[in-house]
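Here is a short briefing on one protein chain. It goes from a loop to a helix, then to the fold, a salt bridge and the surface.

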Amino acid sequence: ENNFQVELFWVKWLSKTQKLLHLIKSISNKSLAKKFEKKLNQFKPDIIWFHSVSRVLWPEVIKKWVNFPATTIMTYHDLGYFAPFAEKIYDLDDIPGNFTLKVFLKKNPKKPFCYPYVIFKFLKLKKLRQQLQKVDYHTTPSEFMKEIVIKHNFASKDKIQVLPNFI
């Protein structure tokens, strides 16, 4: 209506096996990062707003985003940035308190085949966190999530805003 143009950059829906393989591959996913950089250079956006980064895109793609001359916004709408298995969080105590590999490994559901996944996810989150600290604005759907984002050093208090979730 107001002559705004929006472009989406996304990866197709992945099966559980594909997600595991993608997780391992995407620690340094140069090919997806190049595709994203090409999209940025073609589109030349004024604002880049990201969400669901922890599931698919990860650090190499984000590196292209935070170095692009546009206002950058990151939205956290799930707990996948703070725990190895976000779907297993039922209580505040289920969110790892310290962002260390040892704490992450303790959150593994005691299945040996999950250890590589937990290690890769921790390494990617650590790298991702470094990139996301360069973002201009961070948003969360609640005060609860805001405190988690700050506690895990993804954003400083002055860069984060709550956009209340209507649900």
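Asn 153 sits in the loop between helix H6 (143–151) and strand E4 (160–162). Helices (H or I, at least four residues) and strands (E, at least two) are DSSP runs, numbered from the N terminus. The model is predicted: local features need pLDDT of at least 70, side-chain atom pairs count only at pLDDT 80 or more, and totals for chains, interfaces and linings use all residues. Residues are numbered from 1 along each chain as its sequence is written, and side-chain values use heavy atoms, with hydrogens and water left out.

**Positive phi**

- Most residues other than glycine have a negative phi.
- At 45% relative accessibility, Asn 153 is partly exposed. Buried means under 20% relative accessible area, exposed over 50%, and partly exposed in between (1.4 Å probe, protein chains only).
- Lys 44 is not a glycine either, and its phi is positive, near 50°.
- Lys 44 belongs to the loop between H2 and strand E1 (47–50).
- Lys 44 counts as exposed, with 56% relative accessibility.

**Helix H6**

- Which residues of H6 are buried? They are Met 145, Lys 146, Ile 148, Val 149 and Ile 150.
- These buried residues pack against strand E3 (137–140) and E4. Contact means heavy atoms within 4.5 Å.

**Overall fold**

- The chain has 6 helices and 4 strands.
- Along the sequence, the pattern reads α-α-β-α-β-α-α-β-α-β.
- The chain has 167 residues, and 43% of them are buried.
- Take the contacts with a separation of 6 or more: residues 24 or more positions apart account for 62% of them.
- Accessible areas come from the Shrake-Rupley method with a 1.4 Å probe; for residues, only the protein chains shown count as cover.

**Salt bridge**

- The count comes to 1 salt bridge, defined as a side-chain nitrogen of Lys or Arg within 4 Å of a carboxyl oxygen of Asp or Glu.
- Glu 7 and Lys 39 form the salt bridge through their side chains, at 2.9 Å from N to O.
- Glu 7 lies in the segment before helix H1 (16–25) and Lys 39 in helix H2 (residues 30–43), so the pair ties together parts 32 residues apart in sequence.
- Glu 7 is partly exposed at 37% relative accessibility.
- Lys 39 is also partly exposed, with a relative accessible area of 25%.

**Surface patches**

- Patches are made of residues with over 30% relative accessible area and no salt bridge; like charges are joined within 9 Å, and nonpolar side chains (Val, Leu, Ile, Met, Phe, Trp, Tyr) within 5 Å.
- A nonpolar patch consists of Leu 101, Tyr 115, Ile 119 and Leu 123, with about 290 Å² of accessible area together.
- Helix H5 (residues 115–132) gives the largest share of this patch, 3 residues.
- Ile 119 is in helix H5 and is partly exposed, with a relative accessible area of 34%.
- Lys 102, Lys 106, Lys 107 and Lys 110 make up a positive patch. Lys and Arg count as positive and Asp and Glu as negative; His and the chain ends are not counted. The place of a charge is taken as NZ of Lys, CZ of Arg, CG of Asp or CD of Glu.
- Lys 106 is part of helix H4 (residues 101–106) and is exposed at 57% relative accessibility.
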